[in-house]
Amino acid sequence: MLATIAGHLTATSWRTGIAVLPPRIADALLRVPRERFAAGASEERAHDDTALAIGDGQTLSQPFVVALMTTLLQPAPRHRILEIGTGSGYQAAVLARLVAEVRSVEVVPRLAERAAALAHELGCANVFVRLGDGWQGWPEHAPYDGIVVTCGAAAIPPALLAQLQPHGHLVMPLGPPDAQQLCDITLDARRRPSVREVLSVRFVPFVHELNRDHRCR
Ligand code: SAH
């Protein structure tokens with residue numbers, strides 16, 4: 001799996017600016033048992049570099065995308081990270097090995113419950129899952145050193161920008177479903193966002209009334 005990720009990173013580095021997987025992140029990816037997060041039938045393909053079904057019509061991103069998003073976040077051991085779209089809990093488990101605390105919001109009750117149970121089972125004591133609409137972020141524990149969104153939105157949710165530390169990265173897919181760009185968003189000293197388009201991607205939609213355009217397709 002790591003060799004495939006490395007190949008993808010090299011091939012896309014002209015766009016992403018990331019040619020090499022940092023060793024800490026490679027180690028985290030190696031240590032998280034991806035097969036535990038993939039639902040039933042797709043288990044045997046758990047280490048292929050593809051997205052996998054996790055039930056409820058949702059998907060677990062391909063390992064290369066998880067690796068890329070994690071690298072863009074620039075996680076440091078003291079960081080507290082917010083994730084929107086817990087899904088299977090795989091991305092959160094990878095981050096849990098790299099930072100102090102991961103807070104993750106999921107809108108589908110079954111997925112939130114399953115991810116929280118699995119995090120507990122795997123001993124990820126620094127992962128906290130909340131059921132709710134991630135459009136509002138998780139204000140009680142803000143600000144965050146980094147925020148990662150694993151569902152595609154038409155626009156940047158204002159609450160997420162408000163909950164981001166200066167110099168932190170907000171990594172999220174933006175744009176219409178058929179033309180999403182993975183974006184790396186940072187705030188300047190006056191908290192004005194700058195958006196760098198990193199790569200074309202395809203994520204499930206961010207379910208929210210302000211993101212209505214996506215939901216209707
Ligand atoms: N990070 C996940 C992949 C998640 S797929 C993993 O590692 O497995 C995207 C997830 O975003 C889905 O589980 C979907 O239910 C969730 N989602 C969509 N809209 C949301 C919203 N408004 N708030 C929180 N989660 C949302």
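## Contacts along the chain

Among contacts (heavy atoms within 4.5 Å) in the protein chain between residues at least 6 apart in sequence, 55% join residues at least 24 apart. This is a predicted model, in which local features need pLDDT of at least 70 and side-chain atom pairs count only at pLDDT 80 or more, while totals for chains, interfaces and linings use all residues. Residues are numbered from 1 along each chain as its sequence is written, and side-chain values use heavy atoms, with hydrogens and water left out.

## Overall build

You will find seven helices and nine strands in the protein chain (DSSP runs numbered from the N terminus: H or I of at least four residues for helices, E of at least two for strands). With a radius of gyration of 16 Å, close to the 17 Å that the globule rule gives for 217 residues, the chain is as compact as a globular protein of that length (the radius is taken over C-alpha atoms, and the rule is 2.2 Å times the number of residues to the power 0.38).

Of the 217 residues, 52% count as buried, meaning under 20% relative accessible area with a 1.4 Å probe, protein chains only.

## Two aromatic pairs

A search of the whole structure turns up two aromatic pairs (Phe, Tyr or six-membered Trp rings with centres within 6.5 Å; planes under 30 degrees apart are stacked, over 60 edge-to-face, the rest tilted). F37 sits in the loop between helix 2 and strand 1, and Y90 in helix 4, 53 residues apart. Both F37 and Y90 are buried.

W135 and F206 are also edge-to-face, at 5.1 Å and 85 degrees. Each of these two residues is buried.

Note on methods. Buried < 20%, exposed > 50% of the residue type's maximum accessible area, 1.4 Å probe, protein only.
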